[in-house]
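Subject: Structure handover

Hello,

Please find the structure below.

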Amino acid sequence: MRVRQILLGMAVTLITTSSVAAQTNPESGAQRGTRMAWWRDARFGMFIHWGAYAVPAGIYHGERVPGIGEWIMSRAHVPVDEYEQFVRAFNPAQYDADEWVRIAKDAGMKYIIITSKHHDGFALFDSRVSNYDMMDAAPYHRDALKALASAAHRQGIRFGVYYSIMDWHHPDAQGPNAPEYNSSSWHNPNFSRYVETYMKPQLKELLTQYPNIDVLWFDGEWVADWSDEQGRALYAWLRAIKPGLIINNRVGHTRQGMSGMSRTGSEDIGDFGTPEQQVPAAGLPGLDWETCMTMNDTWGFKSFDDGWKDTRILLRTLIDVASKGGNFLLNVGPTAEGVIPAESVARLREMGRWMRVNGEAIYGSTVSPYGAPAWGRYTAKAGAVYAFVFDWPSNGQLALTGVRTAPAVVHLLGDSRPLVVERSADGYVVRLPAAAPSAIASVVVLEGASGAAR
Ligand code: FHN
């Protein structure tokens, strides 16, 4: 098995290397703009962490294991052969890919990113270079990832995959005492063989054998054996295979907001920044970026994690991210049975209700031209500025902080009746109705205000 893997991997690499040399051309700003256009317009996506770690669901030998659920193999130091028992028990009888896509779409999400292979090395897709996957090692014996990719494209939303550079299962990638935790401190002498004969062939499988994969979301880049040079080369290699592909900055060591994980001094590799569990105070000016966040405290399912953020926080985070020019990738962690937790579904339904009325102010919007007012946030589009009012003024007067020229028309989003705008000592004030349309965020449209051009 191993010899076949190595020979196959070498053959694949040889072919694609020559195509890389022939096809890697620098991209113009306009070409990049075209490639990134759908992603910038989307603003809101679903992250899915799903794998064999959902089987123990945070419990090992009857004990609750602290930390994020998908790290149980490392946090509980589960030996590889014992972890493989979880894989052999992973048989999601209730998995319904179309239902998952419907939940995302109804929430107003425009793309899905799912873990094709997390740090544990187990693949949700049927890989030809490995038997450690959903088709061969799990009793499910079907390609769960292909089902979701097909469902996403049937329902008209974009699809991408997360792929971990770090791998706790492959002998050429494991740490010395596998499964190792925080493996920026150890080396595997065979790591480049893992990259060339396993990781790159799997990535090529994903890009060529699955219904159009639009985004490659790397992670686990902090391993000591992975360098920025390798990241740059991998980025070029992938773009030569699929020129329209969008790749995050964790293909190199350049993530933002996770001190200690990313190495300093690297200029950005990849197409967008990836602050995690937080929103950069001033956004990331000049960069495309996406905040990823859990709905509770774990990415992968844990049976006892009930630290659920309420919809108010989730929606206001989406608005905050959009007002700073970023995307929001909100995570769900389905169970081993293939069910998205009811708490997640309830929150996504509420977000969808708000997005159906107010999505115009989020999708295709750009960074606020007036900073962040005390009462809420702004986003902009050509010819209009959207004011998201979190704190509805009790006196009915909304001071348009930062606005220096009178908007032509002001109205509530979804209600074309014009509102009265008056001059004030500090600029302009809008007279609002007594009742706020939304307890979470009500949107006032300032037409003719200087919306930022893209
Ligand atoms: O170690 C992973 C973690 O399990 C999770 O996948 C997050 C999501 O972005 N990324 C890494 C931690 O930064």
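How far is an oxygen atom of the ligand from an N or O atom in the side chain of W71? The separation is 2.8 Å, which falls under the heading of a polar contact (a pair of N or O atoms within 3.5 Å; within protein, one must be able to donate a hydrogen and the other to accept it, and residues adjacent in sequence count only if both atoms are side-chain atoms).

Before the rest, some notes on the source. This is a predicted model, in which local features need pLDDT of at least 70 and side-chain atom pairs count only at pLDDT 80 or more, while totals for chains, interfaces and linings use all residues. Residues are numbered from 1 along each chain as its sequence is written, and side-chain values use heavy atoms, with hydrogens and water left out.

H49 has a polar side-chain atom 2.7 Å from an oxygen atom of the ligand. For Y162, an N or O atom of the side chain is 3.4 Å from a ligand oxygen atom. On its own the ligand has 330 Å² of accessible area, and the protein covers 98% of that (Shrake-Rupley method, 1.4 Å probe). Around the ligand are 17 residues, of which H49, E70, H119, D219 and R255 come nearest (a residue counts if one of its heavy atoms lies within 4 Å). The shell consists of nine nonpolar, three polar and five charged residues; here Ala, Val, Leu, Ile, Met, Phe, Trp, Tyr, Cys and Pro count as nonpolar, Asp, Glu, Lys and Arg as charged, and the others, Gly among them, as polar.

Four-stranded sheet

Four strands form an open antiparallel sheet in the order β10-β11-β16-β13. Strands are DSSP runs (E, at least two residues) and helices likewise (H or I, at least four), numbered from the N terminus; two strands pair if DSSP finds at least two bridges between them. At the edges are β10 (376-381) and β13 (409-412), each pairing on one side only. The twist averages 20° from one strand to the next, with axes fitted to C-alpha atoms, for helices over the stretch in contact, and angles from 0 to 180 degrees between N-to-C directions. Six bridges join β10 to β11 (residues 384-389), and G376 stands opposite V389 in β11. Helix α9 (residues 311-323) packs on this sheet and touches β10 and β11, at about 50° to the direction of β10 (contact: heavy atoms within 4.5 Å).

Three-stranded sheet

This open sheet has the order β12-β15-β14.

Regards
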